[in-house]
Amino acid sequence: MSGPRIVFVGAGGAGLTAAFTLARKAPDAQITVFSKDPVVAYSQCGMPFVLDRKILDFNKLVIYQPPVFKDLGLDVRTSVTITGIDLDDKVVTTEKGQHVEYDKLVIATGSKPFIPPVPGVRLEGVHTLLTLEDGKALYERLKDALNVVIIGGGPIGLETAPAFLDAGAKLTIIERVPQLMPSALDPEMAAIVQAHLEKKGARVITGKGVDSINGQTSVGSVTCAGEVIPADLVLLSAGIRPNTDLAKQAGIDLGVTGGIVVDEYFRVRRNGKVLDDVLAAGDCAEVTGLLTSKPVIYAVGSVANRQAKHVADYLLGKKTPYPPVLCPAVCVIGDLHVGNVGLNTHWCEQAGIKPLTFSAKGATRARYFPGGKTVDIKLLSDGDRLIGGQIIGEEGVGGRINVLSLAIGKSMSPADLAGAETCYAPPVSPLIDPLTYTAEMLALKCARAKKSH
């Protein structure tokens, strides 16, 4: 007797990873994976670095080739768009009208780029960067580009910026909010990123929106606050949105974030009722933020990958509840590493928290050891526990963000972090780690605030 029919719609970090895990642990399951993309099992996060020639070829980003799927017994169908889900008859329909029945369904449709509502977004030479096809098209266009405009100051656009500069193009970055990376950084930390980009040759415009993208068939310029800026390539990097069209059409409940509402096992709801046989995960599903207990969407590969394990567990009959999420992140802009975890000042305000903060500069190695870099650190506390941190530098950022993620996740106070033992050797760290010093000073500030109350 054959095993359950499990259908995945979407083959990104959540869908394909869950399907792989399931195939290894439940060899009798009949697993079908649908993807509208021609290539699956590749690293989206690597694309800016192919554009910048740090990685030599887009093919290097492909992690698994089709023979691997076959060996696992997975039926992976690429370049197939699912156009409908019938929750009552348990059937998905392809664009060619083929019906595929399921016992369990996983919706992992990911995200789609936000296309700003400005004239000219459909002109030739206006690009997004989400799929491998997007990356290849951008690579071709970049070869002849003299003037590039990035619309949006988020991580994807900024990680791609060095590729344009290194290719010799004149680059302008436009962000309508008064700072870069507004969802991750506080203004004074964003200023460090802006200064780095300007030093590399980019022009950064903040606090002004794009009026139009201009050209007959192909882009020729961008108008921003009345100024016409030449552009033969435009990258739209104004954020992403959950891709929930299919779920919405099927009558599945969406939440305040615009993502699919799921419970701690990733089961979806229809009219408030939990469906045992339909799950959603990855960029299209909203989860709970650890520090605010509010619904959030964290569209990063590391989060999708962790969710996949819980989805596979549920499909294997093992219920492992998914905990609230913190989402530590690091973004690499040329030589600069930009890390953040937890809440920044803006998100604190949204959550009604008045944070106490402390910022410090430190060195990544002993002062006398050659090659050390400066690291800028900002920590936030609600007066009792650590609730956020931002770290920027040319080395030593990722590891410290991971330490902060653990500290915040375990509800440590600034004093707890300051008291934690750290390793030391002149080539890799100063005797007192800059994170320790920053935590110590913030602990002092928290203690003083308590006394004055």
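Ser 405 lies in helix H10 (residues 397-409); helices (H or I, at least four residues) and strands (E, at least two) are DSSP runs, numbered from the N terminus. The model is predicted: local features need pLDDT of at least 70, side-chain atom pairs count only at pLDDT 80 or more, and totals for chains, interfaces and linings use all residues. Residues are numbered from 1 along each chain as its sequence is written, and side-chain values use heavy atoms, with hydrogens and water left out.

**Ser 405**
- Ser 405 is buried, at a relative accessible area of 16%; buried means under 20% relative accessible area, exposed over 50%, and partly exposed in between (1.4 Å probe, protein chains only).
- Apart from neighbours within four places in sequence, Ser 405 contacts Leu 326, Pro 328 and Val 341, where contact means heavy atoms within 4.5 Å.

**Thr 244**
- Thr 244 sits in the loop between strand E17 (240-242) and helix H7 (245-249).
- Thr 244 counts as buried because its relative accessibility is 7%.
- Beyond the neighbours within four places in sequence, the contacts of Thr 244 are Leu 254, Gly 258, Gly 259, Ile 260 and Cys 284.
- Thr 244 and Ala 418 are 174 residues apart along the chain, and 43 Å separates their C-alpha atoms.

**Open sheet**
- Five strands, in the order E9-E16-E10-E11-E12, form an open sheet with parallel pairing; two strands pair if DSSP finds at least two bridges between them.
- The edge strands, each pairing on one side only, are E9 (126-127) and E12 (203-206).
- Strand E11 (residues 170-175) pairs with E12 in the parallel sense over 4 bridges.
- Thr 172 has Arg 203 in E12 as its bridge partner.
- Helix H4 (residues 132-142) packs on the sheet, where H4 touches E9 and strand E16 (233-236), and the direction of H4 makes about 150 degrees with that of E16.
- Helix H5 (residues 155-166) also packs on the sheet, touching strand E10 (147-151), E11 and E16, and its direction makes about 165 degrees with that of E11.
- For these angles, axes are lines fitted to C-alpha atoms, for helices over the stretch in contact, and angles run from 0 to 180 degrees between N-to-C directions.

**Nonpolar surface patch**
- Tyr 368, Tyr 424, Leu 431, Ile 432 and Tyr 437 make a nonpolar surface patch of about 600 Å².
- Patch residues have over 30% relative accessible area and no salt bridge, with like charges joined within 9 Å and nonpolar side chains (Val, Leu, Ile, Met, Phe, Trp, Tyr) within 5 Å.
- A salt bridge is a side-chain nitrogen of Lys or Arg within 4 Å of a carboxyl oxygen of Asp or Glu.
- Accessible areas come from the Shrake-Rupley method with a 1.4 Å probe; for residues, only the protein chains shown count as cover.
- Tyr 368 is in the loop between strand E25 (356-363) and strand E26 (374-381), and is exposed, with a relative accessible area of 61%.
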